[in-house]
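Let's take a friendly walk through a protein model, one feature at a time. Keep the sequence and the 3D view open while you read.

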Amino acid sequence: LPLAIELCAAHVAVYTPDALLARLRDHRLDMLADGPSDLPVLHRTLANAIHRSYLLLTPHQQKLLRWLAPFVGGFDANAVLFLGHTADDLKALVDKSLVHIAVGQADEARYALFATIRDYAHDRLVASAEEAAAQRMHAACFLALAEDLAAQTDTTLNRTQLDTLTRNLDNLRAALRHWIDASAHEAVQLAAALRHFWYGRGHLAEGRAWLTQALAVDAVADAARGYALLSAGQLAHNQGDHVDAQQALAAALAIFADLDDGRGRAAVLNELAWLHFDGHSPAAAVDCLEQNIALVRTLADPGWL
């Protein structure tokens, strides 16, 4: 960073601060390429200085730095383990100032790459022809996180679980974008796994947008699609769009009926009951709740009952 400041300062006589910032956003490594000629080569450009640090890493540590480029907004040690690396690999990157510990986290340590380091790591990732594989691994990491938390509950997530997803929201968005662009079934799985998060943290419009895109790229009629439709119906209901809510919930109920999935049917019937209640159809609401109670009694889950 001191080198970056020194290299930037040389441009102040040519660019206003706003213009300099705009150029740095798009051409950070290329722009900082004409440092003082009396310095060693590795200190004349920011890219060269970072590359010098990169060459001091082991090949395994170099790969970790490259594969951290797709992460947005930070990551925790579990993400590094998911990539097949160790805490010692992460510590090596921290010790060499290529990864920094993010501040302001109350529970577990969070890590991040400064923007310039991340740009450099991405350049290395592209040069190594690993970009597609790294992005897929990143997307798989956050699908696993969301599905693990979703599997722990039928009705809602606790505050700690919601906080975990909130900290990783930018990563989750990037993962959703990856799976949707790939027209993969994982897009539906991830959007569905986030159903308690979309509702619990009030991301109604954003959740509906992701669910709509995910449901459009894949048509496998499994439980994931059922829960994605349930989530879409719940969010539409809470935004006052009762027509879309009814259509989504009816489609979800049909999938869970075909799958003979009692838990899924019960969850949809619960949401349908409240949709009918808000639509001033008390008889239909009571009918859904009675069906729901009968189903839940068979599940031996007194808490849900």
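This is a predicted model: local features need pLDDT of at least 70, side-chain atom pairs count only at pLDDT 80 or more; totals for chains, interfaces and linings use all residues.

## Cysteines and burial

Cys-141 is buried, since its relative accessible area is 9%. Here buried means under 20% relative accessible area, exposed means over 50%, and partly exposed is in between, with a 1.4 Å probe and protein chains only. Cys-288 counts as buried too, at 7% relative accessibility. How many disulfides does the structure hold? The structure holds zero disulfides, a disulfide being a pair of cysteine sulfur atoms within 2.5 Å.

Residues are numbered from 1 along each chain as its sequence is written, and side-chain values use heavy atoms, with hydrogens and water left out.

## Salt bridges

Next come the charged side chains. The count comes to 11 salt bridges, where a salt bridge is a side-chain nitrogen of Lys or Arg within 4 Å of a carboxyl oxygen of Asp or Glu. Among them are the pairs in this table.

| Salt bridge | N to O distance |
|---|---|
| Glu-186 and Arg-136 | 4.0 Å |
| Arg-201 and Asp-163 | 2.8 Å |
| Asp-181 and Arg-177 | 3.2 Å |

Take the pair of Glu-186 and Arg-136, whose side chains meet in a salt bridge. Glu-186 lies in helix H12 (residues 185-193) and Arg-136 in helix H9 (residues 131-150), so this pair ties together parts that are 50 residues apart in sequence. Helices here are DSSP runs (H or I, at least four residues), numbered from the N terminus. Glu-186 is partly exposed, with 21% relative accessible area, and Arg-136 is also partly exposed, at 45%.

Now look at Arg-201 and Asp-163, joined by a salt bridge of 2.8 Å. Arg-201 sits in the loop between helix H13 (195-200) and helix H14 (204-217), while Asp-163 sits in helix H10 (residues 159-167), so the pair ties together parts that are 38 residues apart in sequence. Arg-201 is partly exposed at 30%, and Asp-163 is partly exposed at 27%. Both belong to a network of salt bridges that links Arg-159, Asp-163 and Arg-201.

How are Asp-181 and Arg-177 placed in helix H11? They are four residues apart in helix H11 (residues 169-181), which means they are separated by about one helical turn. Asp-181 is exposed, at 56% relative accessibility, whereas Arg-177 is partly exposed, at 32%.

## The nonpolar core

Which residues touch the most other members of the largest nonpolar core? Of its 79 residues, they are Leu-65, Leu-68, Phe-75, Leu-190 and Leu-194. A nonpolar core is a set of buried Ala, Val, Leu, Ile, Met, Phe, Trp, Tyr and Cys residues joined through side-chain atoms within 4.5 Å. Leaving aside neighbours within four places in sequence, Leu-194 is in contact (heavy atoms within 4.5 Å) with Ala-146, Leu-165, Leu-172 and Leu-176.

## Helix H16 and its surroundings

Helix H16 (residues 242-259) has 18 residues and reaches 26 Å from its first C-alpha to its last, close to the 26 Å expected at 1.5 Å a residue. That expected span is 1.5 Å times one less than the number of residues.

The buried residues of H16 are Ala-245, Ala-248, Leu-249, Ala-252, Ile-255 and Phe-256. They cover an arc of only 120° around the axis, so they are on the same side of H16; the arc is that of the directions from the helix axis to the C-beta atoms. An α-helix has 3.6 residues a turn, so residues three or four places apart point the same way. On the other side of H16, Val-243, Gln-247 and Asp-258 are exposed. What covers the buried residues of H16 includes helix H15 (223-238) and helix H17 (262-278). Just after H16, Asp-260 takes a positive phi of about 55°.

His-276 lies in helix H17 and is buried, with a relative accessible area of 19%. Not counting residues up to four places away in sequence, His-276 touches Gln-246, Ser-281, Ala-284, Ala-285 and Cys-288.

How values were computed: Helices (H or I, at least four residues) and strands (E, at least two) are DSSP runs, numbered from the N terminus.
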